Amino acid sequence: KEVSLPKDYTPKDLVSIPKEIKTTKFICIKKDMVGSLQKMFEDAQVDNITLAVSSGFRSAERQSILYKALILLKGEKAKDRIAEPLHSEHQLGTTIDITGKSINYLGANDKFNLTVEDLWLRENAYKYGFVLSYPKDKESVTGYDYEPWHYRFVGVAIAKEIFDGAMSVEEYFIP
Ligand code: ZN
């Protein structure tokens, strides 16, 4: 929340998510995480869990529109629900919001909490290199409300360290 990206930052290796991975709209992410994401979704499906990506890369301009809209709607308290432009993990291209069939693919919605998809991800996402950025018991550390749908790709080795240490991403990178 306190750390910003350089102005005009755009990841160089963005690709649109291939059709083998279910999404709720046209979404781009960094190329090097596509394989891990696809494997995670396929393995989830084997367990009868149907996942979909509802958000991925977001430009600072897009974030600005969403940020202003939410502040208008909810006032200052919205600052714990959405990042300011240049402060969003979504601008990194490594971060996705995940939803599932059981809530009819609603994106970034509190209804995702405790769904079968949420419970599967809590147990398994780190095995594919994904970690929850804003865990429930880390709100005072992250500065954001719990977001069960918001996952950041950090690679398998780091994800396992974060998972085993019950850390937030901040606690790992800024000890
Ligand atoms: Zn998100």
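Guide: Donors are N, O and S atoms within 2.8 Å of the metal (3.2 Å for Na, K and Ca); water is not among the atoms, so sites may look incomplete. The model is predicted, so local features need pLDDT of at least 70 and side-chain atom pairs pLDDT 80 or more, while totals for chains, interfaces and linings use all residues. Residues are numbered from 1 along each chain as its sequence is written, and side-chain values use heavy atoms, without hydrogens or water.

The zinc ion is coordinated at 2.1 Å by NE2 of His90, OD of Asp97 and ND1 of His150. Along the chain, these donors follow the spacing H-x6-D-x52-H. His90 belongs to the loop between helix H2 (60–74) and strand S4 (95–100), and His150 to strand S6 (residues 150–153), so the pair ties together parts 60 residues apart in sequence. Helices (H or I, at least four residues) and strands (E, at least two) are DSSP runs numbered from the N terminus. Both His90 and His150 are buried, that is, under 20% relative accessible area, with exposed meaning over 50% and partly exposed in between (1.4 Å probe, protein chains only).

Strand S4 also holds Thr99, which counts as buried because its relative accessibility is 0%.

S4 and S6 belong to an open, antiparallel sheet of four strands, ordered S3-S4-S6-S5; strands pair if DSSP finds at least two bridges between them. Strand S3 (51–55) and strand S5 (130–132) stand at the edges with a single partner strand each, so one side of each lacks a neighbour in the sheet. S5 pairs with S6 over three antiparallel bridges, and Arg152 in S6 is the bridge partner of Val131.
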